[in-house]
Amino acid sequence: MNAVEARDLFRFYASPEGTSVALQGLTLDVAVGELLVVFGPSGSGKSTLLRILAGLDRPSAGSVSVFGRDLRTLRGRALVEYRSRALGYADQHYARALAPELTVRELVALRLALLGVERAEREHVADSLLERVGLLDRAGALPAELSGGQQQRVAICAALAHRPRLFIADEPTGELDAVNATQIYTLIGELSREVGATTLVVSHDPGSASVANRVVQIRDGRVSAEDGAAVVNRGGWVRIPEELLGGASRAHLDRIPEGVVLRVRERAAAPEQVQPVVPRGDVVVRTVGLTKSYGDALVFHDLSLELESGRLSAVTGRSGSGKSTLLHLLAGLDLPTAGEVHVLDAPISQLDATQRALVRREHIGLVTQGADLVPFLTAQESVELALAMRGVPTTSAAQALAAVGLEELAHQRVERLSMGERQRVAVARALAARPKLLLADEPTARLDEANAGAVGVLFAELAATTGAAIVCATHDPVLIEHARAEVPLGTLAA
């Protein structure tokens, strides 16, 4: 018996805008004790598959079972028992698993407490896990006192604490630097094998394959490849990687003695468009002696920097180094412990809350880690709402969505979009108003490499052509590659 058996899974989502398809005929087996890594572009159906395995969603058609249990028929206490004992689930929305009033130790031990484990034992388990991810010294902290990457590690520990039979993780390292991401993959690999857990990890990070027994690719709601080899689905359906097609829209199939050959005709290269370049060099952001601490925890000290117009700047550093905190200070969402922040010569750190809000409205675009969108609005309505609140025409909304590759999903509700697609909506929303300062916190954390690269190119081009200062907190090498300047907090903020 396999741990997971999925046959011809379909999942449709009906909405006033039409029916969207997340899975269309997916078939997959996962052996008991196997560690499977699932790759695929944003919107391919990866998260939908995990939600079905977690009992949070049900297939529209097809069958799915976990350890012999038919998930289509689990109800009531049986479903609660399955999810509380057999399952460990680290969701993309990791912050939802972290009750703001509980400490880090209490959060990791919470599932054990609900299962009736004695306090001493559950705290021992929690401390052991926190030590393995480098957060034991933060055991008494609240979630709000942690960086996004640190919160993500806590959520993973909380999902593993009760030693589940099936552990599923949706982008578990999306907001972690390479060092901490490797640590998390190693932890997942060690723990899952230690307890004999079957593990599915959805990821965009190629590094996750290092701990996998097997790797599959999902595209268009089906398994398209396994360990690098294309999978032939029912009816002879084969998904050819776009990078092999060279942009071609037509192909010919020829049978030869060795098999079948796919021949494509490359499209003629489009003439290069020369964009007008806005002179750069004006200082948009200046910090002087910037210091920030939370209680006894010092984030950074005496940080002075200048960020110029017309360039993409990357704020880099390990998880917890203060990248998100710096962006919050530059946006006036938080105030420094000492020092000053000037945005377009306005001493934003010296203004009151209303004055800081006016500066943000007039000059600053912000893309947060959480992609805080209204679920029942469409992608286009989300962008139009942001423009209307700034008092500017909404005609640029469609163009902004097209710039991030979402023109076909413009009228789809946010709640029906994948997390990667929502992140691109948030980017479009910030770009549409053409702010003089755009602050983006891990804007490519939930995007596949192709979409991350497209966002990097877009940011670099917009900075150069509009004269905006675009500042991204990131650990993504694809995005850093396109930056013209780098602010490494690990050294400057020490």
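Buried means under 20% relative accessible area, exposed means over 50%, and partly exposed is in between, with a 1.4 Å probe and protein chains only. Keep that in mind for Gln 151. At 15% relative accessibility, Gln 151 counts as buried.

A word on the source. This is a predicted model, where local features need pLDDT of at least 70 and side-chain atom pairs count only at pLDDT 80 or more, while totals for chains, interfaces and linings use all residues. Residues are numbered from 1 along each chain as its sequence is written, and side-chain values use heavy atoms, with hydrogens and water left out.

Back to Gln 151. Its place is helix α5, residues 148-160. Helices here are DSSP runs of H or I with at least four residues, strands are E runs of at least two, and numbering goes from the N terminus. What does Gln 151 touch, leaving out residues up to four places away in sequence? Tyr 94, Ala 95, Leu 98, Pro 143 and Leu 146. Contact means heavy atoms within 4.5 Å.

Now the whole protein. There are 15 helices and 21 strands. The C-alpha atoms fill a box of roughly 65 × 65 × 40 Å, along the principal axes. Take contacts between residues at least 6 apart in sequence: 68% of them join residues at least 24 apart.

Next, helix α2, residues 76-86. Leu 79, Tyr 82, Ser 84 and Ala 86 are buried there. The buried residues of α2 pack against several elements, including α1 (46-53), β4 (61-66) and α3.

That brings us to α3. Helix α3 (residues 104-114) packs with helix α4 (residues 119-132) at about 130°, axes 8 Å apart. So α3 is oblique to α4. Axes are lines fitted to C-alpha atoms, for helices over the stretch in contact, and angles run from 0 to 180 degrees between N-to-C directions. Under 35 degrees is roughly parallel, over 145 roughly antiparallel, 65 to 115 roughly perpendicular, and the rest oblique.

Who meets whom? On the α3 side, Val 104, Arg 105, Val 108, Ala 109, Leu 112 and Ala 113. Among their partners in α4 are Arg 122, Glu 123, Val 125 and Leu 129. The residues of this contact divide into 9 nonpolar, no polar and 4 charged.

Last, Leu 110, also in α3. With a relative accessible area of 35%, Leu 110 is partly exposed. Its C-alpha lies 9.2 Å from that of Ala 126, 16 residues apart along the chain.

Notes: Ala, Val, Leu, Ile, Met, Phe, Trp, Tyr, Cys and Pro count as nonpolar, Asp, Glu, Lys and Arg as charged, and the others, Gly among them, as polar.
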